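Biologist: I would like to learn how to read a few local features in a model of this kind. Could we begin with the terms and then turn to the case itself?

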Amino acid sequence: MERRLTITVPANQAGTSLLDYLAQRFTYLSRSRWQEELAFGRLLLNGVSAPPQAMLAPGDQLVYQPSPSALQEPAVAIDYCILHEDDHLLVVDKPAPLPCHPGGRFFAHTLWALLREQQGLARPSFVNRLDRETSGIVLVAKSPEVARVCQEQFLAGSVEKEYLVLVEGEAGFAEQDAEGWLAPDSASLVRKKIRFVPSGEAAPFGGAVCATALRRLAVGHGLSLLAALPRTGRCHQIRATLLGLGLPVVGDKLYGRDETIFLRFMDDRLSETDWAV
C-alpha cells in the first residue's frame, strides 16, 4: 500500500508559513526533517512544490507522499483475533499496542492496514475505536452503509460499553457517576491532551459534556481495579476522567503522573527508569 496524506489548511492557520504549520501540527517529524521532505518535493501545496516560507491560506490543499524510509513506524502487536464474522461485520479483539487507524507515524502498523492485507477488506470502517495502548473489542463494518447504521446505535446510546481499568490509588467509592466536561488541557506540554472538569465546577470554554459510571471491583496495595462504563463517547474520556479524580491509569504515559514520559516515548527516548515507573 502506498501512503498518501491529504490535508486541508484550516482557517485559523491563515498567514502561517508552510514549514511552521508542518512542524507545529505534525510533530512526528522534526522541523529539520520537514525541511528535507520539502526539499525533496514530497509535499505539494495546491498541486505544486512550494518553499518552506510559503504563506498558507484557508482551504489550501497539502498532499504529502513520504518515502518508505521517511516515517519509521514503531513496532506494534499484530496478534489480533477475530471473534466473530458475518456478511456485514467483524468483531475484533485488538491487542495493545496497536493503533486502529493510520495517523502520525503509523500506517502499515495499524489494524486498518492489517485487515486490508490479511482479511481482504477494501474499506474497513471502524464503528468504534480504541486507543493504541488499549486492548479490547472493536467492531469493523465491511461497508460504509453498515458502519453508519451501527454508529447511529452508538450515538443513540443503545450500545453499552464496559472497560476494566487498573488505577493508582485506592478508590474511596463503591460506585460513582463521574459527570462533567472534557476540554483541552492548556497547561499540558502535549497538544492533544484533554482534562476533566467535574460538574460541580464552572463549565470550561469549548468543553464537551461527558459522563462515565465507575464501579470498584477490588482494592489493595495502593491500587484499584475499576469497571468503567462510558455514557458518552469522547476521545480519551476514561483516562482523562480518572486522572481528574486522582486515580491515574497504571502505566499510562500521557494520563499518568508524569506526562513527560509520553514525550520521551514519542521520541523513542524512554529510559530504563521510565519503563520501571
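Modeller: Let us start with burial: a residue is called buried under 20% relative accessible area, exposed over 50%, and partly exposed in between, with a 1.4 Å probe and protein chains only. Leu223 is partly exposed, since its relative accessible area is 31%, and Leu223 belongs to strand E13, where strands (E, at least two residues) and helices (H or I, at least four) are DSSP runs numbered from the N terminus. This is a predicted model, in which local features need pLDDT of at least 70 and side-chain atom pairs count only at pLDDT 80 or more, while totals for chains, interfaces and linings use all residues. Residues are numbered from 1 along each chain as its sequence is written, and side-chain values use heavy atoms, with hydrogens and water left out.

Biologist: Which residues form the nonpolar patch on the surface?

Modeller: Patches take residues with over 30% relative accessible area and no salt bridge, joining like charges within 9 Å and nonpolar side chains (Val, Leu, Ile, Met, Phe, Trp, Tyr) within 5 Å; a salt bridge is a side-chain nitrogen of Lys or Arg within 4 Å of a carboxyl oxygen of Asp or Glu. Here the nonpolar patch consists of Leu164, Leu166, Leu217, Leu223, Leu225 and Val250, which together have about 480 Å² of accessible area, by the Shrake-Rupley method with a 1.4 Å probe, only the protein chains shown counting as cover for residues. Strand E9 (163-168) and strand E13 (223-230) each contribute at least two residues of this patch.

Biologist: How many disulfides does the structure hold?

Modeller: A disulfide is a covalent bond between the sulfur atoms of two cysteines, assigned to a pair of cysteine sulfur atoms within 2.5 Å. The structure holds zero disulfides. For Cys81, the nearest cysteine sulfur, that of Cys100, is 15 Å away, and for Cys210 the nearest, that of Cys235, is 12 Å away. Cys210 is buried, at 1% relative accessibility.

Biologist: What should I look for in the backbone?

Modeller: Most residues other than glycine have a negative phi, and most peptide bonds are trans. The peptide bond from Ala96 to Pro97 is cis, with omega near 0 degrees, and Pro97 lies in the loop between strand E6 (89-94) and helix H3 (111-119).

Biologist: Is His221, with its positive phi, buried or exposed?

Modeller: His221 has a phi of about 55 degrees although it is not a glycine, and His221 counts as exposed at 84% relative accessibility. His236 also has a positive phi, of about 60 degrees, but His236 is buried, with a relative accessible area of 10%.
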